[in-house]
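I opened my notebook today to look over a protein chain and jot down what I found.

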Amino acid sequence: MSPKPIIRRVMGIGLAAGLALSCGLAQAAWQLDPDQSRVTATVTEITSGGESITHKHALRRMEGQISADGTLKLPIRLNQTDVLDRLGDLPPWMSSLTNTTLVTVVTHLPPERINSLAVGQSTVEILTLRTDANGEQRQEKLPVRFTREADDVVRVRNAEPVSLDGRELMKNQTVRSILSLMGYQQIGDEVPVELDAVLVDR
């Protein structure tokens, strides 16, 4: 299973949520609040009659682990998406995949830039995201904004609008199969994605 574009880039954006973990290396109590950390994708369905219908899908409960040198690894699983909620009972060939890691996203962020923020201040970092899906490795850069909302709260959002290429998504067999199960036969050329995550000091 090689969920390349929609898993690779949306999860790459989702990684920015996980990235917040690495900003607290100097204070190990920093961690993502899974209940408030998600990525939302807006998919435009093109019906057989040519009608455009907008749907929103979410990647939720973002979590990750960091090493002592600030490297963050974020595994992405199907059960973090809302696909299961919408599909209900999965066909047998997909049931065993719900907790399987589809892609792993890796990055590194110097923690001192985030730790130095005063309450109300923000900083934008250009992150290098590396993905590994079934041995296929890719690398992309993503602008991410970190805002310190309180002494113990940092919010993480994408710093500029980001969209995936709907045509590339439909070229991927796994993505196309999942979209087909959800009733999509064709989607729009652009799929906007938005990151909204919260880092808390616990």
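My notes below go from the whole chain to its strands, its cores and its salt bridges.

**Overall.** I kept in mind that this is a predicted model. I counted six helices and eleven strands in the protein chain. Of its 202 residues, 47% count as buried. I then looked up the contacts with a separation of 6 or more, and 65% of them join residues 24 or more positions apart. The accessible surface comes to about 9900 Å², and carbon and sulfur atoms hold 44% of that.

**Strands around E11.** Which strands pair with E11? I found E2 (residues 38–46) antiparallel to E11 (residues 190–201), with four bridges. In that pair, Ala 41 stands opposite Val 193. Strand E9 (residues 153–158) also runs antiparallel to E11, joined by five bridges, and there Val 154 has Leu 199 as its bridge partner. Strand E10 (residues 162–165) pairs with E11 in the antiparallel sense too, over four bridges; I noted Leu 164 with Val 191 as one of the partners.

**Cores.** I went to the largest nonpolar core next and found 32 residues in it, with Phe 146, Ile 187 and Val 191 making the most contacts inside. E11 gives this core its largest share, five residues.

**Salt bridges.** My search of the whole structure gave five salt bridges. In one, the side chains of Asp 35 and Arg 61 meet at 2.6 Å, N to O. Asp 35 sits in the loop between E1 and E2, and Arg 61 in the loop between E3 and E4, 26 residues apart. I checked their cover: Asp 35 counts as exposed at 63% relative accessibility, while Arg 61 is partly exposed at 41%.

Arg 155 and Asp 196 form another, at 2.7 Å, N to O. Arg 155 lies in E9 and Asp 196 in E11, so this pair ties together parts 41 residues apart in sequence. Is Arg 155 buried or exposed? I have it as buried, with a relative accessible area of 16%, whereas Asp 196 is partly exposed at 24%. Both residues belong to a network of salt bridges that also links Glu 149 and Arg 157.

Last, I noted Arg 167 and Asp 165, whose side chains meet at 3.3 Å, N to O; Asp 165 is partly exposed at 30%.

Technical notes. Residues numbered from 1 in each chain as written. Predicted model: local features only at pLDDT ≥ 70, side-chain atom pairs only at ≥ 80, totals over all residues. Heavy atoms only, no water. Helix = DSSP H or I, 4+ residues; strand = E, 2+ residues; numbered from the N terminus. Buried < 20%, exposed > 50% of the residue type's maximum accessible area, 1.4 Å probe, protein only. Contact = heavy atoms within 4.5 Å. Areas by Shrake-Rupley, 256 points an atom, 1.4 Å probe, with all protein chains shown as cover. Pairing = 2+ DSSP bridges. Core = buried A, V, L, I, M, F, W, Y, C linked by side-chain atoms within 4.5 Å. Salt bridge = Lys/Arg side-chain N within 4 Å of Asp/Glu carboxyl O.
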